[in-house]
Amino acid sequence: MSRLVAIAAFLALGACRAQVVGPYTTLAEESRSTTEAEQLNRRAADLLGSDPAEAEALLREALTKDVFYGPAHNNLGVVFLAQGKLYEAANEFEWARKLLPDSPDPRINLALVMEQAGRTDEALRAYETALEVVPECVAAMQGAAALCLRGNLADQRLDPWLERIALAGENADWRAWALERRARR
């Protein structure tokens with residue numbers, strides 16, 4: 001009889017373990033709600049600059065709806081980066097990079113984390129991967145060019161990057177910056 005009780009207890013324990021879930025655990029495809037995750041992510045994106053705590057809460061909720069929703073990982077990484085939580089930010093950008101293979105954004109954001117962490121070589125590699133995804137990504141060129149100039153890194157792509165930034169930089173400040181740097185070279 002005690003053997004039967006032990007077996008029953010063991011089976012019950014196994015059933016309990018099967019139901020353990022983490023903060024981003026998705027139990028089945030049917031339980032994912034990408035639509036809800038997208039809506040929560042949009043709401044959070046509107047709050048990134050004004051209420052980062054609420055944005056973080058919304059993004060965490062979005063990831064409970066669909067752990068594979070890449071934009072929520074990217075935006076949560078942005079929140080963590082603004083808070084100086086570099087490890088957490090890098091982790092979220094890695095998730096986003098894998099889930100958004102055609103987007104340069106998580107790669108650029110990961111480069112920003114690596115720069116803040118003082119990991120220049122890894123930052124430059126992240127910018128390069130963004131440019132592999134979208135070769136004409138001006139934001140990646142701006143980051144890579146600025147990094148090369150700050151770190152006195154020799155790179156044969158610097159002059160073409162500066163030329164492209166001077167023509168199509170994200171704003172007038174970037175275009176002026178590139179023109180000035182080109183003139184100095």
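## Overall make-up

Among contacts (heavy atoms within 4.5 Å) in the protein chain between residues at least 6 apart in sequence, 46% join residues that are at least 24 apart. The model is a predicted one, in which local features need pLDDT of at least 70 and side-chain atom pairs count only at pLDDT 80 or more, while totals for chains, interfaces and linings use all residues. Residues are numbered from 1 along each chain as its sequence is written, and side-chain values use heavy atoms, with hydrogens and water left out.

The protein chain holds 10 helices and 0 strands, where helices (H or I, at least four residues) and strands (E, at least two) are DSSP runs numbered from the N terminus. Its elements, read from the N terminus on, follow the order α-α-α-α-α-α-α-α-α-α. Of its 185 residues, 36% count as buried, a term that stands for under 20% relative accessible area, with exposed meaning over 50% and partly exposed in between (1.4 Å probe, protein chains only).

## Helix α3 and its buried face

Helix α3, covering residues 52–65, has 14 residues and reaches 20 Å from its first C-alpha to its last, close to the 20 Å expected at 1.5 Å a residue; the expected span is 1.5 Å times one less than the number of residues. Buried in α3 are Ala 55, Glu 56, Leu 58, Leu 59, Ala 62 and Leu 63. Seen down the axis of α3, these buried residues fall within an arc of 165° (taken from the directions from the helix axis to the C-beta atoms), so they line one face of the helix. They pack against α2 (34–47), α4 (70–82) and α5 (86–99).

## The pairing of α3 with α4

The axes of α3 and α4, which are lines fitted to C-alpha atoms over the stretch in contact, come within 9 Å and cross at roughly 150°, on a scale that runs from 0 to 180 degrees between N-to-C directions. That makes α3 roughly antiparallel to α4, the class for angles over 145 degrees. From α3, the contact is made by Pro 52, Ala 55, Glu 56, Leu 59, Arg 60, Ala 62 and Leu 63, and from α4 by Ala 72, His 73, Asn 75, Leu 76, Val 79 and Phe 80.

## Helix α2

Helix α2 has 14 residues and reaches 20 Å from its first C-alpha to its last, close to the 20 Å expected at 1.5 Å a residue. Its buried residues are Ala 37, Leu 40, Asn 41 and Ala 44. Seen down the axis of α2, they fall within an arc of 105°, so they line one face of the helix. What covers them includes α3 and α4.

Definitions and conventions
Parallel < 35°, antiparallel > 145°, perpendicular 65-115°, else oblique.
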